[in-house]
Amino acid sequence: MSPFLTLLIGILAGTLRGSAPFLFVSLGECITEKSGKINLGLEGTLLMGAMSAYGVSYLSAPTVGEFWAPWLGVAAAGISGMLLGVIHGWLSQQRRVNDVATGIAMIILGSGLAFFLGKPFIQPQAPQLLTFDLGGWSDSSQVQSTLRISPLFLIGVAIAPFLHWLFRSTRWGLYIRAVGDSPQAALAMGISPFKVRMLSIMAGSFLAGIGGACLSLYYPGVWTERISSGQGLMAVALVIFARWNPIQCLWASLLFGGTQAIGPAFQSIGIDSYYYLFNVAPYVLTLLIMIITCSPKKTLAGSPGALGMENED
Amino acid sequence: MSYSPPPASRQASDLGTTEPRDNGPKDNGPKDNEPKESGFLWLRSLEAIVLPIAALLVALLIFGGFCALAGADPIGVYRSIYKAAFGSWSAWQNTLIRASPLMLTALCTLLPARLGLVIIGNEGALVMGGLGAVLVGLGLGDALPAGLGQMTMAIAGMVFGGAWIMLAGALRHYRGVNETISSLLLNYIAIAFLKHLVEGPLRDANFVTKPSSAELDPTLWLGTLPGTRIHFGLLYGLIICILAYILIQRTTFGFATRVTGSNIRAAKIAGLPVGKLTLAICFLGGSAAGLAGMIEVAAVQKRINESLVSNYGYAGILVAFVSRQNPLATILVAILLGGILASGGILQRSHNLPDATVLVFQGIVFLCVLFSDSLYGKIPYLRSTTR
């Protein structure tokens, strides 16, 4: 196979494998920000989710078997994420408390807890999620491994249009958007901004925790302390790029997953002298996208009106 | 649905500020629940001392509970932390060695915060500062007398670190890019840049332990204070923190910064050069972290490699928030956190707690301090007693 084709397939494979965590975290952040709060702590949630998924999958494998153990892990990841979300949701809505500062604290706490509790799981091999092998038609092992798609990725792809529908056409979506655009107006309508935001942040953190499970139970499929390396934060930037639209979050996640695959793909065809610089591509891309899409003068289209506002006293 | 548009100066990317950048008039006047008489001003300053200390104590309690859950004896853990941090002169030296970079990296968050920006690119600025210092230091060799050579390295580190954070400030001012996210992304870019250089162009093939640059000339090494293991970095940290305090509290520049931080619209109407202030304060903050990088390189490693990335930057964010953006309080908080960092090893050895314990503790402290912010003006004993 020509090196160029290998490179292309490598990037495609990386896109399919690596975009799932971006997708889950960005959808989670999308729900959170639609309700008017930002959660930078999803980086910590991602790590916590990755650790809980891996740990639970490893510990429960002897009792529930190799097939169900990783799914229990996925559930544990979501729940542990949600618990972190409760802390963020409560604290960031107190008077004089700023949600960005809370998010930074939650990054430290989440990663600290994940490293603390995850220490025993660095060595052992936990059972991984089974994948759909769609590449059986091809003789090439590279194509086969490329088309080994995780069910979690497919679930994420399904959640994106579901959220879009939820925001546009349901009562709950209206509540979230109302609270995000103007908490005062929502309060006048009889909706409790505190409750709606709390639930939105919890739901967002649940999804971000599952994003962590994608990391530790699918790709790269191990638990290490460097597993997330800022993906949670990139996902926050990605939501701005996607203009708070779940469908666009999907496309943006694919783009980010692809960019992330550039470094390893070049390495696989023997070009590795600029390995670290290629690996920086997603961060540079995020910055460039923010530079292009943001504007110092006007509010971005689609931005929730109350985003970044102070809490009411 | 009634919809109130956000004020003009707010943008979607303007996601956060530590201090209200755009207070409505209601926030400026005295409120019902705050002491009205000016004679009770001292009560407010008392509040500013009592609340953070109470937050720290509560954090210690929660941390003790956490340790108990993890199967360690909380009292024993407290005792070990105290012993390892402040129990002896040797422990004090360990603490102070760790405190000096913390003082400097904290300023990287603290100074821009006075202008209402949340910068968390401390780690990246530290790395760039270390890189700049090493590049200049390796170029200099022994060409300059010791003091002058170190000075040149320090300036290089400050310029590199400063420019790095100024980039985030410029993106914020000219493009409206959220400075928290951009500065954090810049961390990852700086670290990757460092890895690329030490494994490629800068690599010293004779040094096999880990990919590193060549060693700096001994004239460029930063010495220790006489009779101690503490390097001169501590003095740098103390001096820069005091200078930062004077700059913020006692100069026109500092005043303009504080005005912009508390009400950016008023600052613009008053004709303050908000853009220039943004760039300048970001440069100053970054240069403090850059100096920390230079000190780590010149005093500890003597060459540059990946061990420069040792979380001093992230811990600096915590120091800045706990000290409530006051550079003098930063000195104390940095010493306190330096002590906690110094006790990481002993927690691992004598209590069988993983090294991430210190990180968990930092997270708990951070959350407690943030929560204590919401209590200002709400504690009955700290309020006006004669209402």
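Start by selecting chain B: along the sequence its pattern reads α-α-α-α-α-α-α-α-α-α-α-α-α-α. That is 14 helices and 0 strands (DSSP runs numbered from the N terminus: helices are H or I, at least four residues; strands are E, at least two). This is a predicted model, where local features need pLDDT of at least 70, side-chain atom pairs count only at pLDDT 80 or more, and totals for chains, interfaces and linings use all residues. Residues are numbered from 1 along each chain as its sequence is written, chains are lettered from A and ligands numbered from 1 in the order written, and side-chain values use heavy atoms, without hydrogens and water.

Color chain B by burial. Of its 387 residues, 56% are buried (under 20% relative accessible area, 1.4 Å probe, protein chains only).

Now show both chains. The contact (heavy atoms within 4.5 Å) takes 65 residues from chain A and 66 from chain B.

Next, select Glu306(B) and Arg226(A). They form a salt bridge, with the closest N and O atoms 3.7 Å apart (a Lys or Arg side-chain nitrogen within 4 Å of an Asp or Glu carboxyl oxygen). The rule finds 2 salt bridges across this interface.

Which elements of chain A touch chain B with two or more residues? They are helices H2 (42–91), H3 (99–118), H6 (171–181), H9 (231–241), H12 (275–279) and H13 (281–293) of chain A. Finish on H3(A): it gives the most to that side, with 14 residues.

Terms used
Buried means under 20% relative accessible area, exposed over 50%, partly exposed in between (1.4 Å probe, protein chains only).
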